Amino acid sequence: MRIWFVGVNLAWSEYRRSGVAILEGGPDRPLAYVRSDTYRLVPEIAAPILELDGPVWVAIDGPVVVRNQAGGRPVDVALAQRYARFDVGAHAANLNQLKDNPRGENLVELLAARGVRQMHRVVLPPKADGSWAFETFSHPAMMELFGLDRIIKYKKAGVQLKREGVRTVAGLLTEHLPRLDPPLALSDDLAALLGRDPLAMRGRGLQAHEDQLDALLGAYVAAHVWHWSAERNWHLGSAETGSTVLPMIRPDVDHSPAP
């Protein structure tokens, strides 16, 4: 049986494009890269996911459940506390900032029409049946999967720093994804994506490449959650105020699920 694993690097506004990356795998199939691209509107982001035939697991790097009108969600505060020494800080998501247009919620509503249910807690058995979507966050996912001491500061950086940061991220993906469990083999298409030279990019091309790399990481997180469930993954937050699901590998991070 083939299972699809999708990562969505969701922009908070429709004025910026969102990365989508798709992997495939299954109980008797190795994990493999399929494709990646960027899209602007939520229905455009949902379209390549809705056309997939079979179970699909979707990791969304962006706020999905946002109920607070101002300030930050409890999960945003908790993430910043747990990963503060790695310079990880979550943007405070609220309805004012999102202009009462929670794109993550809109996306999961479109996916629900395909039978994709929303996951807030890691309670399913490993390699569970069904189709699921959940919120994740790329920076702490990198801390867990790659064992980094500090985040790679390529977000909202100047052009040169962004180029260097994106190149570093591509190198980390190239180095670690084939070695993790489950491993993601470096196919020709994946190697071509990771081998693009961001030092020769600028503007929209550089941003699109960054978005696809972040989406690729999200797709791998989706596969990791399916493969290991609570054995090597955990959650923060709640269904009522927002939650995130992350790999659980580092012994030096507090992985208790509160709040």
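Axes here are lines fitted to C-alpha atoms, for helices over the stretch in contact, and angles run from 0 to 180 degrees between N-to-C directions. Helices (H or I, at least four residues) and strands (E, at least two) are DSSP runs, numbered from the N terminus.

The model is predicted: local features need pLDDT of at least 70, side-chain atom pairs count only at pLDDT 80 or more, and totals for chains, interfaces and linings use all residues. Residues are numbered from 1 along each chain as its sequence is written, and side-chain values use heavy atoms, with hydrogens and water left out.

**Stop 1: α4 on α7**

Select helix α4, residues 138–146, together with α7. Their axes lie 11 Å apart, and the packing angle is about 60 degrees.

Now show side chains. From α4, pick Ser138, Ala141, Met142, Leu145 and Phe146. They meet Asp214, Leu217, Tyr220, Val221 and His224 in α7. Contact means heavy atoms within 4.5 Å. By class, this contact has 7 nonpolar, 2 polar and 1 charged residues. Ala, Val, Leu, Ile, Met, Phe, Trp, Tyr, Cys and Pro count as nonpolar, Asp, Glu, Lys and Arg as charged, and the others, Gly among them, as polar.

**Stop 2: α5 on α7**

Which residues of α5 meet α7? Val159, Lys162, Arg163, Val166, Val169, Ala170 and Leu173 do. Their partners in α7 are Leu206, Gln207, His209, Glu210, Leu213, Leu216 and Leu217. The contact divides into 9 nonpolar, 2 polar and 3 charged residues.

**Stop 3: α1 on α3**

Select residues 42–50 for α1 and 103–112 for α3. The axes come within 10 Å and cross at roughly 35 degrees. This crossing is right-handed. α1 supplies Val42, Pro43, Ile45, Ala46, Ile49 and Leu50. α3 supplies Arg103, Asn106, Leu107, Leu110 and Leu111. By class, there are 9 nonpolar, 1 polar and 1 charged residues.

**Stop 4: two loops**

Go to the loop between α5 and α6 (188–194) and find proline 182. The peptide bond from aspartate 181 to proline 182 is cis, with omega near 10 degrees.

Then take the loop between α2 (74–82) and α3, where aspartate 87 is found. Aspartate 87 is not a glycine, yet has a positive phi of about 70 degrees.

Methods. A crossing is left-handed if the near helix is turned anticlockwise from the far one by less than a right angle, and right-handed if clockwise.
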